[in-house]
Amino acid sequence: MKWNAEVLQSEQIKQYFKYYVFCKINADHQPNVLQAYGVSGLPTHIVADATGAVIEKSVGYGGPAAFYAFLDRNK
């Protein structure tokens, strides 16, 4: 997956580890999680608080810069 190579394997992602716990859900194996969070398209990126409440959701992948901007808005 392009996102894995461009983001998860980058050095830049390390600066976000102090703000986020990253979790990748397999849509085929965990459809209940997709339903619980109202996921209608893939990829979907979600920032949730400690209780699981959604703070922000983004559908689609617009490249590393868009993903880091999404994270920066929610630090």
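The structure is a predicted model, in which local features need pLDDT of at least 70 and side-chain atom pairs count only at pLDDT 80 or more, while totals for chains, interfaces and linings use all residues. Residues are numbered from 1 along each chain as its sequence is written, and side-chain values use heavy atoms, leaving out hydrogens and water.

**The nonpolar core**
- Ten residues can be found together here: the largest nonpolar core has 10 residues, W3, V7, I13, Y16, Y20, V47, F67, Y68, F70 and L71.
- Such a core is a set of buried Ala, Val, Leu, Ile, Met, Phe, Trp, Tyr and Cys residues joined through side-chain atoms within 4.5 Å.
- Buried means under 20% relative accessible area, with exposed over 50% and partly exposed in between (1.4 Å probe, protein chains only).
- In soluble globular proteins, nonpolar side chains tend to be buried together.

**Contacts of L71**
- Setting aside neighbours within four places in sequence, L71 is in contact with I13, Y16, Y20 and F22; contact means heavy atoms within 4.5 Å.

**A closer look at N4**
- N4 sits in helix α1; helices (H or I, at least four residues) and strands (E, at least two) are DSSP runs, numbered from the N terminus.
- N4 counts as buried because its relative accessibility is 17%.
- Beyond its neighbours within four places in sequence, N4 is in contact with Q9 and K24.
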